[in-house]
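Please look over the points below with the model open.

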Amino acid sequence: MSHKRLFVFDRYRLDEQERQLLLGTQVVPLPPKVFDLLAVLVQNAGRLLPKQDLLDRVWSGVAVEEGSLTRGISSLRRVLGSTADGRDYIQTVSKRGYRFISQVRETTDDELDGPRLGIPLPPSLLATAVVDFIGREAELGQMQDVWQRAKEGRHQLVLVAGEPGIGKTRLSLEFARSRAAEGTTVLMGYSDEENLVPYQPFVECLSWYFRHCPEADLRGQLAAISGGELAPFVPELRNRIPDLPSPLPMDAEGQRYRLFEAVAGMLAVASRARPMLLLFDDLHWADRPTLLLLRHVMRSASMASIAIVATYRESELDRTHPLAEMLITLRRERAITRLALRGLKITQVKALVNSVVGPNAPSQLSQMVMDSTDGNPFFATEMLQHLKETGAIARVSGMTGRTIEIGDLGLSEGIKEVIGQRLSRLSDACNRLLSIASVIGREFDATLLEAIADLPGSEPLDAIEEATRAQLISESQEVNGRFEFMHALIRETLYSELSSPRRVRLHRRVADAIERLTQDMPNPPLAELAYHFSHAASAGAVDKAVDYATRAGDRAADGLAHEQAARLFDLALHSLELKPTGPETELRRVDLHTRRASSFGALGQWTLEVRELEAALHHLDPQQIERRCELVLALARAWFLLLDVRPVEQYATEALQLAEGLHRPDLAANAIAWLARCRQANGDLGTAIDMDRRAMSMAPGVITAAYTMGPLTLYLAGRSAEALALAAAAADSARSSRDTTFIMYSLTHLGLNLAAAGRYAEAAKTFHEARSFGRKYGAIPMLARATAMAAGLHLILFDFEGAEALQSEACELARSVGFVPPIVSAGIDSLLTFARLHEPGRAERLLEETAAAAASTAGWHQWLWQLRLTQAGAELALARGAVDEAVATATDSIEQSRARGRPKYETLGLITRARGLHALARTRDAIADAKTAVSVADKTGDPALLLLALDALIGLDGTDELATRARAVTDRIYDSLPDEVMRRCFTESEVVRRIRAPQ
């Protein structure tokens, strides 16, 4: 018996005999020719297939154009999505053909058979429901549609919103149980109001998965994503995989990005074996790191059969709530489905009454419950259970002829009273114990509760068992001695009944008990201690509150949870308000504001960083001159990143005065370097260069902005030969540092100057290093900047297709983080690309958008943006045939360039004006401009720029000597190009063809 021939790649199977593509067990529909195209690519995985070869094999004997192939490739890319590392399965090799890059394994159908054990269900999904699940058919139908899309590899997020008790969690659990019955991997995580565990729902989901995944499978999945980043995130992972590599040390921003990528990659890889459903309960209590990670996972390019169902309370969200902000950013995402739950209908309430009370319930009971609860399932269930427990239903079962009133049953309309009446049936000891437990939190340990409750003998355990029987709390199946309230409303009701003084005293007792019980732990629960001591600060616990909150903040920052760190430092600051004012208190405030500023800086929230630094300065002792100098330098840096040079000038000037008075050349050099940036931003390149030299000579070896930005200033001034040594030294120094920004700036500026010096292969290698580093370590703003500058290399060498791809990527990256400069830079290069491709019509809308983006950074290199936009406008006018406009605009570009000392754009302006003047029959003036362009370009040492000028002059007044020189420049450039694609683009360009044409 013959077996079917199958080709397996990632989670796909291509069945050649049945002519089917399967994603898991689902058939992916493909038109016949598109399937044939995929089959040829898969069977030749790793090989470059020329376009004509593909046309001949797929459309054999049929006359078709290349567009049919292009459309087929586009269709396949849409269907397949991206690989686990975010790449297309099909790689385009410019002007040559296509290559299927995923690893393909050829096998037979029986080799894929065999049992595969899944991950067991979390305990919350195994628990037996107290009452039947009622209603929600429409919502379940929507969720099923979402799940179908998820199984096809399009990760989905379902946001289930509603008031407390409306049934969000129950709906999610019922849906998850149905999916689990189909073989889906189901994981569950929670967010607690205390917010003590960063990324809590993700940590809980992955902890369960790592605990139960077969070791061989787990090792394979971790190897596929370099899973060492997950060990600090889920500590028990190292218990399963002790030899898991440790993550590379890096600054906070880079580590966080690597962590987010690792989580997204882990979920994607794990979902290849079985589709995954993650339940996140109470997302309104999630911290900002959790929400950022959730957004990152949903926007990940990795193809994944994942759906996340997250519940949240609408009533908890105001406009400034982190979740509300995230919902706004995700509003237009196609992968997001929002379900707003409302109360049950009267028919459904009747079904609920029958489920709880039985079919013999009073006829009017359903309407009474409906009126009292608005169909809220939790409220309705609690009310019915109370009526049943008290025997009230039996008393009214014979009532006829009138409506049953709540007063008849001794019930109030509020759910707190319903819960309160359930609590009143418990013993005093049980109520006291639960009140103390409500102070601890939604979850609590029996050991801790016993230590605080001050109840004799077995009374604490008796009370816990009593509350468990009453279904007010439940015991964890994972952690021995751990309990939680069955519903947050129960805990909230108990907590709200405590007076403020009693809460303070209880928080103090809880904090003291936790401190005592964990004193020998190497890593005590600092966040819990900070939370309770801060709530007890008014009871003489200020010092401990501040200390624990500060230490907890430091730990959170070390764990990349900078939002939580900022919140904990703020907790310390609020506790410090209860301490008498004095020098020591003020010094502590300065320290806490500075730490909080660092947290915001690591998050890229520079406006908040400025606010905290200014607060630190406000509380700083005027005698602390050195500390003030450091703070104002930090402010200069923050304002620089906020693209506003005016405060940079103000703070750097003050820092320089302070540093000189302190005789601190290192601080003075840094201040001078920031002042140089102000001169550069205002277009005074000569002064900026002189100031950078002064800063470097003042403090040799001290890393300042002169090292990171000096090479760029020299490049702008057309002095790349001079800049190269400094840029290379800065890059070498940066590579051995852990400063992501320094590394990205230094490598990018080295690449710029290498390109301007004609060392194109080295420039391409350096840009690749910068972009790889930025992508690996999450330096997204700097990655966008490096990508935009790398696009310029392709533009000057006539690789317009490669330039456009990088320009688009740079803009997309920059928009994702709201960083404007790469949007402007890449936008201007795109305009130049359209002009040089003779496609000015493509530029109309982009020109307006780029000009608007440039205007939004007023005061930030405005001169440079304006100069470059002017030149782009001149080239576009010439491409449109608007010759007079081109000449006038080019003249403006030339004048601006000369005023700012920007020889590159002076040369380009002269070339454009020369061509325009020639079109106006002003050939003598055109020749003069072209000769000047050659002279200016020659002084820069930029071969590509010189080639453009020579081409213009030869076209107007060519000589054998000029032609020989131009061919020599062409050969020099060709020999320095990094790859065959660039060599081909260069050789086939209009400029090179003209120069190499026989005379």
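1. Leucine 947 touches Phe798, Ala966, Val969, Thr970, Ile973, Phe986, Val991, Val992 and Ile995, leaving out residues up to four places away in sequence. Contact here means heavy atoms within 4.5 Å. Leu947 and Leu793 have the most contacts inside the largest nonpolar core, which has 154 residues. Such a core is a set of buried Ala, Val, Leu, Ile, Met, Phe, Trp, Tyr and Cys residues joined through side-chain atoms within 4.5 Å.

2. Apart from that core lies another, of 58 residues, including Ile514 and Ala530.

3. The model is predicted: local features need pLDDT of at least 70, side-chain atom pairs count only at pLDDT 80 or more, and totals for chains, interfaces and linings use all residues. Residues are numbered from 1 along each chain as its sequence is written, and side-chain values use heavy atoms, without hydrogens or water.

4. Histidine 532 sits in helix α24 (residues 526–535). Helices are DSSP runs of H or I, at least four residues, numbered from the N terminus. Histidine 532 counts as buried because its relative accessibility is 1%; buried means under 20% relative accessible area, exposed over 50% (1.4 Å probe, protein chains only). Beyond neighbours within four places in sequence, histidine 532 is in contact with Val439, Ile440, His507, Val510, Ala511 and Ile514.

5. Now α5. Its buried residues are Glu139, Met143, Val146, Trp147, Ala150 and Lys151. They fall within an arc of 135° seen down the axis of α5, so they line one face of the helix. The arc is that of the directions from the helix axis to the C-beta atoms. Exposed Glu137 and Ala138 are on the face of α5 turned away from its buried side.

Notes:
Helix = DSSP H or I, 4+ residues; strand = E, 2+ residues; numbered from the N terminus.
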